[in-house]
Amino acid sequence: MSAADALFLYEEGDFFALGKLAAEVNRKLNGDTVFYNINRHINPTNICVNQCRFCAYSKLKGEEGAYEQCIEDILNEVKEAEAYGIREFHIVGGLHPDWPFSYYLDLLESLKREHPEVVIKAFTAVEIDYFAKISGLEIPAVFTALKKAGLQAMPGGGAEILKPEVRNRICPEKISGARWLEIMKLAHAADIPTNATMLYGHIENFSDRIDHMEKLRSLQDETHGFQVFIPLAFHATNTDIRKKGETSAIDDLKTLAIARLYLDNFQHIKAYWVMLGEKIAQLALLFGVNDLDGTVVKERITHAAGAKSAAGLSEACIRNTILRARRRPVERDTFYRRVKDAEGGRNE
Ligand code: V47
Ligand code: SF4
């Protein structure tokens with residue numbers, strides 16, 4: 001599909017026809033299955049040297065609401081992980097002005113020591129770039145050290161909108177879009193699978209979104225290292241971006257459907273229920289989506305920006321959401337391997 005085709009679908013495409021088309025493409029790729037994951041988010045600090053205009057989560061050091069967790073606090077917070085069947089730690093946080101790179105290595109090593117079976121998916125490309133700066137290491141050496149400490153995959157955050165004209169207005173201090181792509185390419189070269197996101201619904205237009213997807217599609221053609229694409233719906237409360245209301249349900253569903261059609265080299269499209277709300281995420285299963293993310297537990301980033309969704313969902317609730325859309329719920333691990341099928345029997 002060309003960029004012009006995708007733009008036409010955004011601007012003129014019939015909403016239901018688009019959904020049907022995307023659902024059909026997804027059915028060919030992934031059948032009836034909808035994946036979910038039993039995971040736990042860890043956000044070690046909200047103190048950040050960047051001040052992205054869309055971010056309600058970050059604080060300056062000493063500002064009211066700023067927090068930092070020592071490794072012991074985190075271990076304590078996740079000590080029941082196995083009892084809850086947790087298979088993945090998803091770790092992202094602010095760029096702390098004083099913490100050394102060794103804090104992050106210690107964190108991964110400690111989590112692996114206490115929870116050897118739980119996969120560690122950690123740090124956006126923005127954090128990886130920051131680790132290189134604070135450690136004086138090159139990016140490949142940062143990856144070598146993190147892998148040795150327990151890193152197994154990376155989330156897709158920090159992509160925002162890759163186009164410089166938009167990016168410079170919403171997050172001028174953040175690494176460039178080109179640098180984000182370069183770090184992802186190096187991650188893939190280091191055999192670290194990553195996800196990819198797009199923050200939409202702020203100041204960007206449809207053509208900026210398609211430009212973003214085009215850049216992801218090109219890199220995926222080169223590396224095949226992206227596992228899933230996740231559009232993130234912008235939430236404006238407590239941010240520096242003035243906007244009336246949140247993204248519309250129609251925009252959310254169209255964006256997911258166009259992503260399914262345009263990103264023909266991505267196997268999976270995820271509806272992140274935290275940002276979409278549980279009901280739109282369910283409808284997304286009719287618009288080309290085959291992944292609902294996970295149980296999450298204590299989401300902080302979007303809730304700082306006014307999200308009304310729950311901070312976490314039980315497995316039963318996620319399975320029920322999928323079943324009521326007449327799809328087959330399958331628990332996956334971080335690498336999209338099936339671990340529990342629709343009847344509830346373990347596959348491993
Ligand atoms: O990079 C920040 C976004 C991202 C807001 O890879 C906001 O599996 C909406 O990347 N409104 C971090 N979004 C979260 C993220 C993520 C989440 C779930 C799963 C995965 C994955 C990745 O959150 C940031 C930024 O794009 N964000 N502020 C806001 N006000
Ligand atoms: Fe910091 Fe990330 Fe928030 Fe930007 S989005 S201010 S880099 S925590």
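A residue counts as near a molecule if one of its heavy atoms lies within 4 Å of it.

## Ligand 2 site

The model is predicted: local features need pLDDT of at least 70, side-chain atom pairs count only at pLDDT 80 or more, and totals for chains, interfaces and linings use all residues. Residues are numbered from 1 along each chain as its sequence is written, ligands are numbered from 1 in the order in which they are written, and side-chain values use heavy atoms, without hydrogens and water.

Around ligand 2 sit Cys48, Asn50, Cys52, Phe54, Cys55, Ser58 and Lys174. By class, this shell has four nonpolar, two polar and one charged residues.

Two packed helices are described by the angle between their axes and the distance between the axes. Axes are lines fitted to C-alpha atoms over the stretch in contact, and angles run from 0 to 180 degrees between N-to-C directions. Helices are DSSP runs (H or I, at least four residues), numbered from the N terminus.

Helix 1 (residues 3-12) and helix 10 (residues 249-262) pack at about 155°, with axes 10 Å apart. Helix 1 is therefore roughly antiparallel to helix 10 (angles over 145 degrees).

Conventions. Ala, Val, Leu, Ile, Met, Phe, Trp, Tyr, Cys and Pro count as nonpolar, Asp, Glu, Lys and Arg as charged, and the others, Gly among them, as polar. Helices (H or I, at least four residues) and strands (E, at least two) are DSSP runs, numbered from the N terminus. Angles under 35 degrees count as roughly parallel, over 145 as roughly antiparallel, 65 to 115 as roughly perpendicular and the rest as oblique.
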